[in-house]
Amino acid sequence: MQTVKIVVTGPFSAGKTEFIRSVSEIDVVSTERKITAEAEKIKNSTTVAMDFGRISIDDELVLYLFGTPGQRRFDFMWEILSEGMLGFIVMVDSARPETFREARSILETFRAYAPTPYVVAANKQDMDDAWDLEDMRVALRLDPNVKFLPCVAQDKESVKKVLLELLYTILAEMEAGD
Amino acid sequence: MALKGNLRDFTITQLLNLVNLACKTGTLVIEGPGDVAQISFREGKLAYAQLGQRDNSLAGILRKNKKISARQYAILAERATKMSDKELGILLVNAGYLSQADIIESLQQNFVYIIRQLFTWVEGFFRFDADMLPPSDKIPVRLDLENLIIEGSRQLREWELLQQEIPSLDMALKFTDRPGTNIKDVNLSVEEWRVVSYVSPKNTMRQVAQVTKLNDLEIRRVVYALLQAGLVEIVRPGGAPASVSARAFRTEDKEQQKSFVNRIIDRILSI
C-alpha cells in the first residue's frame, strides 16, 4: 500500500482542523485540548500535536492529511510532520490580519524544511471582515506565482478546490522536472 | 471588503506598502494613542495628511515652513478666512508672493512630517475607506511612498530589535551598582534625564513611559541606551524574586509518481 501525505498548516485558529474534517472519509483523529491561555480563547480547543484525516484513493493508494498545531509553542511537531510530504497548504484566516505575520513566518519555516510545492488558502472568505485576496497577497508578501485561493473550510467544494490546485501544482512541478 | 485591523499586528510601513503596491485610492484612518490621523492616497501616491485637529491650513503650513512671515500669516488669517486653500494658493501665486513649487513643497514636507510621526505609533486601530477622498477645498499632492516606506522599515527594524532586547515593559529598572559610575558625569539627553528621574524598582517601564509621555518605541529606545551604557538594569517590579520560568513516494519511477498524483486528483474530483 502506497501512502502519500499533504500537510495543512497555518496560524492558530486558521481553520486547519475544519479543512481536513470537510474531506476526510474518517472522523478526524484530533489531538485537540482545551485552551487555557486567556489571550488565545478565540475558540475553546486547539490542536496540540496534529490532526489526521484520510482519503482512500484506490486499493493501493491512500492520501493522508496532516494538520499541524497552530500554536507556536508546539512547533517542534512541524518538522516531524513535514518529513516526506507531497506538498503543503498554508491556511490563513482572512478576517484576522493580526495572524498574517505569523502565517508568513510559518510559510517561510515550511519552505525551509523542504522545497515542496505549496498553495496558500485564504480561509473564512465568507466573513464580513474578510480581507480582499489582493490585499492579503501583498500583506503576506506572496510571490505572484504562488497560488493564493479563497476558501471556506466548512465547505467541501471549496476545500476540494484548494486540494486540487495543490495537486495540479505538484503535477506541474513534476512535469517541469522531467 | 474590509481593510481594517490593529497597528500592533500591521504596521504603518506595511500599510503604506500595501497602498503603494495595490495602487489604492482612498483614505486611511488611524486611531492612534490619543490622536486620529487621516492619510489620503490617490493611485498609491500620498495625496493628503491630517493629524488630529492641528492647523492644516495652507497659511499655517506656509508659516511653519517659513515661506511667509508672521505678519503675512496674521493678515491671511484675518482676511482670507473664507478662502479655500486652493483659492489662497492661486492668489499667492498670481500675486507673485510664492511659486507653485513653493506651495507644493511645503505641503509635501508637512504631510511627510505627519507620516513620520505615525511611525512611532505601535498601538491603534486602522481602517481604509476607499470612498473617502481628501477634502475638496485642500490642495492634494502626489508623493511617491517608497522613501517613506524605507524610512519606516528602518524604524521597524529598530522596533523589532528593541522588542527583543526589552520584551516586556512590565518590568522595572534600577541603577546598577557598578563602582565609579556617576550618572551626573554622563551626557544624557533631556528625554533620557526624564526617564532617569523615575528609575526605581517600584516603577514599571510602562508607568515611566506614561508619566514621561513616551510611546512604547521611545521608552524602549531610551532604556536600551541606558542599558547599553551600563547605567541601569532590568529587574522585577517591587524587587520580587525571579520565577522559574522523503520522501513523498516509495517509488522513484517518475511516471508512477505522476500516476499517483493523477489518481488522487480523480478521486478528489469524485468526492
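About 3500 Å² is buried between chain B and chain A, and carbon and sulfur atoms give 62% of that. This is a predicted model, where local features need pLDDT of at least 70 and side-chain atom pairs count only at pLDDT 80 or more, while totals for chains, interfaces and linings use all residues. Residues are numbered from 1 along each chain as its sequence is written, chains are lettered from A in the order in which they are written, and side-chain values use heavy atoms, with hydrogens and water left out.

Q: What makes the area between chain B and chain A "buried"?
A: Buried area is the accessible area (1.4 Å probe) that two parts lose on being put together, summed over both. For chain B and chain A that comes to about 3500 Å².

Q: Why is the pair B:Arg267 and A:Glu25 called a salt bridge?
A: The term asks for a side-chain nitrogen of Lys or Arg within 4 Å of a carboxyl oxygen of Asp or Glu. Here the closest N and O atoms are 3.7 Å apart, so the pair passes that 4 Å limit. The count between the two chains is five salt bridges.

Q: Which parts of chain B supply at least two residues each to the side that touches chain A?
A: They are strand E1 (4–6), helix H1 (12–21) and helix H10 (254–270) of chain B. H10(B) gives the most, with 13 residues. Helices (H or I, at least four residues) and strands (E, at least two) are DSSP runs, numbered from the N terminus.

Q: Why is A:Ser13 called buried?
A: Buried means under 20% relative accessible area, exposed over 50%, and partly exposed in between (1.4 Å probe, protein chains only). A:Ser13 has 9% relative accessibility, so it counts as buried. A:Ser13 sits in the loop between E1 and helix H1 (16–23) of chain A, and has a positive phi of about 65 degrees without being a glycine.

Q: And what makes B:Lys213 exposed?
A: Its relative accessible area is 72%, so B:Lys213 is exposed. B:Lys213 also has a positive phi, about 60 degrees, though it is not a glycine.

Q: How do you know that E5(A) and strand E6 of chain A pair?
A: Two strands pair if DSSP finds at least two bridges between them. E5(A) and E6 (residues 118–123) have six, in the parallel sense, so they pair. A:Phe88 has A:Tyr118 as its bridge partner in E6(A).
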